[in-house]
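Subject: Handover of a structure

Dear colleague,

Please find below the structure that I am handing over to you.

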Amino acid sequence: MTDEIVKTAFYDYHFAAGGKMVEFAGFKMPIQYQGITAEHLAVRNNVGLFDLSHMGEFEVSGPRALDFLQKVTTNNIAELEVGQIQYNCMTLPSGGIVDDLLIYRLPTDYMLVVNAANIDKDFDWLRSNLSADAELVDRSPLTSLLAIQGPNAEQVMSQITDYDLGGMSYYTWAEASVAGAKMMFSRTGYTGEDGFEIYIPPEHTDAVWRAVTEAGKKHNMELIGLAARDTLRLEMKMALYGNDIDETTTPIEAGLSWIVKLDKDFIGHDVLARQKEEKPKRRLVCLELEGKAIPRQGYDILDGDDVIGSVTSGTFSPSLQKPIALGYVVRRKAKSGTRVSIVIRNKTIPATVVKPPFYKNASHK
Amino acid sequence: MNVPAELKYTDEHEWIGIEGNIATIGVTDHAAEELSDITFVELPAVGDEVTAGEAFGVIETVKAASDLFAPVSGKVVEVNTTLEDDPEIVTKEPYGAGWMIKIEMSDPSELEKLLDAEAYKKLIFG
């Protein structure tokens, strides 16, 4: 791996479109184009295009591929049929989260899609736990990724593929012709909206970009930067690794018990089984605030004068037009409706624990 | 990038307009361009004292909070209340309707430490 900052295959297009480029996880990525709020609302109400080529893709193959993946992840991959995709996470023996990821069941192999900032760490972790008769390959440098997200995503996607999207369920993938070349795409996303993610080999990146943006013109599709990606996922209470989950937090605490299948064995199983049984000391909750000041990562959450937790992500919600946050609080204060407060610049701002997601009208939940 | 010649500047990208003993404070075009999606501007109240070099308010954007630093010391005599309902005016008219506070200066000699337009241009354009 190199320490150089990597430009994705679409860098020149972002630059030409007025994208503000920043370094993120070793990549030059567009943080925004016309503005976070406008981009956010374009995805909620219409359709937007994201470059997610920084994400990592690993291939796991071999006769023991399934056994190996079952050992290193918490969700049950044996349930997956070819064509299906699963949200999953890898945990340490302590139960702390190594990364959250998507697992695609391919005809004979598996594809893992991991967070950009964790590519090297995940690869080392997987390799150090690799069983005999299982193989691990990092496909990230040769895989570009574009996401089309929003209630009108299917209308754009249907113009660049001949695949029957009407019969395609959420969290499934297909291999079909896209912009004239065969490649893999899935009905997945990180926005709460309907959408597609296209995995593009290097020789087809220009053709796919041109086809998608041309098809998008008829629908006023907007280019979306990483900043709006963050506000979109936050409104859905989708965890962001490094903010809301990390090696010090467990999937039980983070509200991800639904991807922890205790009837199989895996690294971290015993700690998580005990934590589920005894109930975690803290939980990740959704908070809505009064006023206009915005809670940010690390701000204290109070019950009276007692610190009962801290904010892990916060923003001004473009859809709800109010400040929102995710944060860990002690379990007795985690129930929805509980009144707490958040310290913002030495002022205590009233906040309420609310049921997830913040945004209730997404086209896919 | 607009840098009006008649104003003074700080290296924190505030501008200062001077009329007699009253300093009007805002953020520069350059800062405003970096601050898209302003959701909230937190300002002091009329009558509050501010100290040169210390934070007097905050600009919240969707992405981050940025402190506003007082270029001069004195008493706040007027606050731009239109920013409460329309904080984005800071981005649209940073030197006009987007002004933030007016200060009655307690030590006008502090103005000597501020940058003139030429020095500020050098700062942002290198």
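The notes below cover the interface and then the aromatic rings.

This is a predicted model, in which local features need pLDDT of at least 70 and side-chain atom pairs count only at pLDDT 80 or more, while totals for chains, interfaces and linings use all residues. Residues are numbered from 1 along each chain as its sequence is written, chains are lettered from A and ligands numbered from 1 in the order in which they are written, and side-chain values use heavy atoms, with hydrogens and water left out.

**The interface**

In chain A, 17 residues are in contact with 15 residues of chain B (contact means heavy atoms within 4.5 Å). The two chains, A and B, bury about 1,300 Å² between them, and 44% of this lies on carbon and sulfur atoms; buried area is the accessible area (1.4 Å probe) that two parts lose on being put together, summed over both. Of the area that chain A buries against chain B, 41% is supplied by Lys292(A), Arg296(A) and Arg345(A), more than by any other three residues.

Five salt bridges are found across the interface of chain A and chain B (a side-chain nitrogen of Lys or Arg within 4 Å of a carboxyl oxygen of Asp or Glu). One salt bridge joins Lys63(B) to Asp230(A), with the closest N and O atoms 3.9 Å apart. On the side of chain A that touches chain B, the largest share, three residues, comes from α7(A).

**The aromatic rings**

Over all chains there are 11 aromatic pairs (rings of Phe, Tyr and Trp, the last by its six-membered ring, with centres within 6.5 Å; planes under 30 degrees apart count as stacked, over 60 as edge-to-face and the rest as tilted). Tyr163(A) and Phe185(A) form an edge-to-face pair, at 5.8 Å centre to centre and 85° between the planes. Phe185(A) is buried, with a relative accessible area of 0%, whereas Tyr163(A) is partly exposed at 34% (buried means under 20% relative accessible area, exposed over 50%, partly exposed in between, with a 1.4 Å probe and protein chains only). Phe10(A), Tyr13(A) and Trp209(A) form one aromatic cluster.

Charges also sit over rings (NZ of Lys or CZ of Arg within 6 Å of the ring centre and within 35 degrees of the ring normal). Arg282(A) lies over the face of Tyr328(A), 4.7 Å from the ring centre. In chain B, the charged end of Lys102(B) is placed over the ring of Trp99(B), at 5.1 Å from its centre.

With kind regards

Key:
Helices (H or I, at least four residues) and strands (E, at least two) are DSSP runs, numbered from the N terminus.
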